[in-house]
Amino acid sequence: MSDRKITINYNDRIVRQFMLATVLWGVVGMLVGVLVASQLNFWRLNFDLPWLTFGRLRPLHTNAVIFAFVGNMMFAGVYYSTQRLLKARLASDFLSSLHFWGWQAIIVCAAITLPLGFTRGKEYAELIWPINIAVALIWVVFAVNFFWTLAKRNEPSLYVAIWFYIATIITVAMLYIVNHISIPTSLLHSYPVFGGVQDALVQWWYGHNAVAFFLTTPILGIMYYFLPKAAERPVYSYRLSVIHFWSLVFVYIWAGPHHLLNTALPNWLQALGMTFSLMLWAPSWGGMLNGLLTLRGAWHKLRTDPVLKFYAAAVTFYGMATFEGPLLSIKSVNALAHYSDWIIGHVHAGALGWNGFMAAGMIYWLLPKLWNKPLYSTALANLHFWLGTVGILLYVAAMWTSGITQGLMLNATTEGGTVLAYPNFLDTLNTIRPMMLMRVIGGGLYLVGFLLLAYNVIRTISGAQVVDGRVEVYVEELKSSERPLGAFGTFLNPPVVFSALGTVLACVWMFGGPVLQIVGLFGTALCAILAVAHFATRGTRWAGWYERLLVSAAPFTVLTFVAVAAGGLIQIVPTVVVNKAQNMEERIAKPYTPLELAGRDIYIREGCYNCHSQMIRTMVPDVLRYGDYSRLGESLFDHPYQWGSRRTGPDLARVGGKYNAAWHFVHMADPRNTSPGSNMPNYPWLFTKQTDVASLYGKINVMRTLGVPYPPLSAALIAEEVETQAKMLVEELKASQQLTSGDREIVALIAYLQRLGKFEKVVRTTAHAAP
Amino acid sequence: MTPPDSAHKPTAPGEDPLRPHAYDGIQEYDKRLPNWWLLTFYATIVFWIGYWLYMQQTGLAVGDGKLIDEHMARVEAVKLAANAALDDATLWKMSRNPVFTEAGKATFNTICASCHHVALTGGIGANLVDATWIHGSQPANLMKVVNEGVLAKGMPAWGPVLGTKKVSEAVAYVLSYHTPPAELGLAPK
């Protein structure tokens, strides 16, 4: 053996920076969370100020906790563990610093632009296009830094944590870029290239997998490093790691459509979303099992060690949330739970329980190591744990109760199922108010716990000496059995061939014609049987190949990418190709008039989609309450789509013409004028601000580029059309004693609202059925 | 300092074997996958196959659009049958019966009052107690307006939301402010 001994100085400065940023943004994000939760109960907390209204602050909350809090936590954990698992210092100090400061600059930009109303109008993808580009660039910096370190590693074999990091980096890049493709209309505004159902599908492919690959896989990687370290126990099962990693990354991607069940989304996509969500249950629990069972033999340490308490609870909450997810994806359960607080409770079981507690455990464990000083107070950390746990339980229980109660009330019918039992939406809202208050209390407790962490961090590091990790390692020569795989060995081996063949045959079964279906089904079954037989007789070859894959970073990355790309391609490509205007049946949207388009951009700016859906589901109670169910064609030209995900207020898909203009006028000034008991904010600024007509020319040009059938319109013609339509509305308002001038934003907004639900019947000259 | 892998503490007797390689001191068992876990996984895969076959390929499942259309047709039929019994004389009689008018008042005050005012004197919507009927003065005319709305003027169609019972009660409540035709022999307000 010709081992040589080398000394490695880890870059722990970057870990400390990301960790402190985690604490800072965690406080900010959670504080905004408690504020927006309170606003739902006490509408006066919107203060009649545009930048403090719920519709603008809710995106700030979600973006802050996902990308700022969990993002920084992830980078700290990834950088700390990767260096040690690869026995290498991070490749570039410059890239590390660029990554850190770039990410913080992005967060600051987001914190400024979102309250100002600059948004793309898509959940968790609200940031405007210049910031999107910055995010993509900084993510590439992260990727280069990571893979470069991987290339320079002194540990040939990749530990399971690294697998999860690789999956995270490539998948988030793919999701983020595709869901953010937009055409700018100005420096601060753009329209996404996808519209209507395409945008909905891409959005939830992204949104669901942002949860998967931003909030789950990196944290699983962090769990695989920090949990056995803190417990000082071996990981429970290597083969479970292998199976649950590959099944998780492959299956997760397909499950996005479960956010669109019972909507106008084509049935085959809904069926994929539901069944793959159910198949995701076991892979997710594989991670939970490996976490919890690693604690076997260390349970007694939970009594004294807050770090392990946090990890054990975090993994338990992960298990709870990943059981609840498949449950909520069952179409009939979803009919009750969708658009309700149950979903909010589900997300927070994951965000507060899994992400927040993993972060806390990691921070408490790292603090003494990075600052070379014992934790200031273990008692405070324990108090944090109990406050946090009680807070989560209150929060989640409140949201379950709230969601199920409101869901049951909204769906309840009487008189033989012909009439709504609670026709007034506000009755259902005011029933759940006590639960909404309990949520504020639960969230508040959790925030107090996190503030204790912040205090503990400050007291621990003040006056402490920073210390960077430093190890001496023996670098071994590679054995011939450990040479990295080449292209041939990467793809032509039993596990990959059987998996790929099985997937292709399963797709032939699912999507083929009558004959191909049968071929595909039997082919898939045969493939599975052969794979099992092969594994039973030549299992060592499978295991041996995987050992070699573990020393082959590039092939591992390529195979991971293939696994995560498959589901998205199969769902998105047909949807984009097929759902064109000429294929729409029954109904098709008309392009918005210039004034309506201006109103729509105001609707998006104010974040109305955070509380109002525009999608009437194929359910009797939805149709009774809101009108005929929504068809695909009706939102085809909506860039971005506005189907929504939560009904704090009623659906608006067919609100156009339901009330008169004066009703909307009075309602927007103070919703309680027309709807006593409403929790919607007032929008006084819409009555004074002037509609931005100048930008419409550029916006309509972009819309035309995106395929919306606008006739050629000059800027002058647009201004003229705006004026004519505004004048008519002003006259109509005047007839009801409501006075305003046509250049005000409220007029544009009412024009848009009154237009919702209007469509054209499709008349076909030639028979032309959609495939 | 990281010791070479071989220097790790050996597996205690009776413990499960560990994988030979350790990563930064982290070791791994290689335990069998729990049977219940595997069964869960297989069961969900079987469900996927069965569900897909049934929903997408056997032709037995009815599509969401067709299903809801059938449901709504049934609802419509029930409502039409109920409406047919509500002729003008019946509605006038209901308007003198507090069982109906009190229920109608409750509906009116939560739903209608935001535009027509609790005193029925109008606001965003029309005045319902003056002598002018814009869309006809007969009870059946009122039923029609409330059921189907006057979309051009911003009166929503309440029939689908409230149902025949609540609509007829609300109409009876409005009628209670008006004088019935003499031939019915009902008491004036």
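This report walks through a predicted model, starting with the fold of chain A and ending with its contact with chain B.

## Overall build of chain A

Chain A has 26 helices and 8 strands. Its radius of gyration comes out at 27 Å, close to the 28 Å that the globule rule gives for 771 residues, so chain A is as compact as a globular protein of that length. If you want to picture the space involved, the C-alpha atoms fill a box of roughly 95 × 70 × 55 Å along the principal axes.

As for what's tucked away, 56% of the 771 residues of chain A count as buried. Take the contacts in chain A between residues at least 6 apart in sequence: 83% of them join residues at least 24 apart.

## A helix pair: α18 and α19

Have a look at helix α18 (residues 494–511) and helix α19 (residues 514–550) of chain A. Their axes come within 8 Å and cross at roughly 165 degrees. That angle is over 145 degrees, so α18(A) and α19(A) are roughly antiparallel to each other.

The crossing of α18(A) past α19(A) is left-handed. Where these two helices touch, the contact is made up of 16 nonpolar residues, 6 polar ones and 1 charged.

## Where chain A meets chain B

The contact draws on 59 residues from chain A and 52 residues from chain B. On the chain A side, helix α9 (residues 267–279) gives the most, with 6 residues. By type, the chain A residues that touch chain B split into 34 nonpolar, 17 polar and 8 charged.

Technical notes. Residues numbered from 1 in each chain as written. Chains lettered and ligands numbered in written order. Predicted model: local features only at pLDDT ≥ 70, side-chain atom pairs only at ≥ 80, totals over all residues. Contact = placed C-beta atoms within 7 Å. Helix = DSSP H or I, 4+ residues; strand = E, 2+ residues; numbered from the N terminus. Nonpolar A, V, L, I, M, F, W, Y, C, P; charged D, E, K, R; others polar. Rg over C-alpha atoms; globule rule 2.2 N^0.38 Å. Buried ≥ 20, exposed ≤ 12 C-beta atoms within 10 Å, placed from the backbone. Axes fitted to C-alpha atoms, helices over the stretch in contact; angles between N-to-C directions. Parallel < 35°, antiparallel > 145°, perpendicular 65-115°, else oblique. Left-handed = near helix turned anticlockwise from the far one by under 90°.
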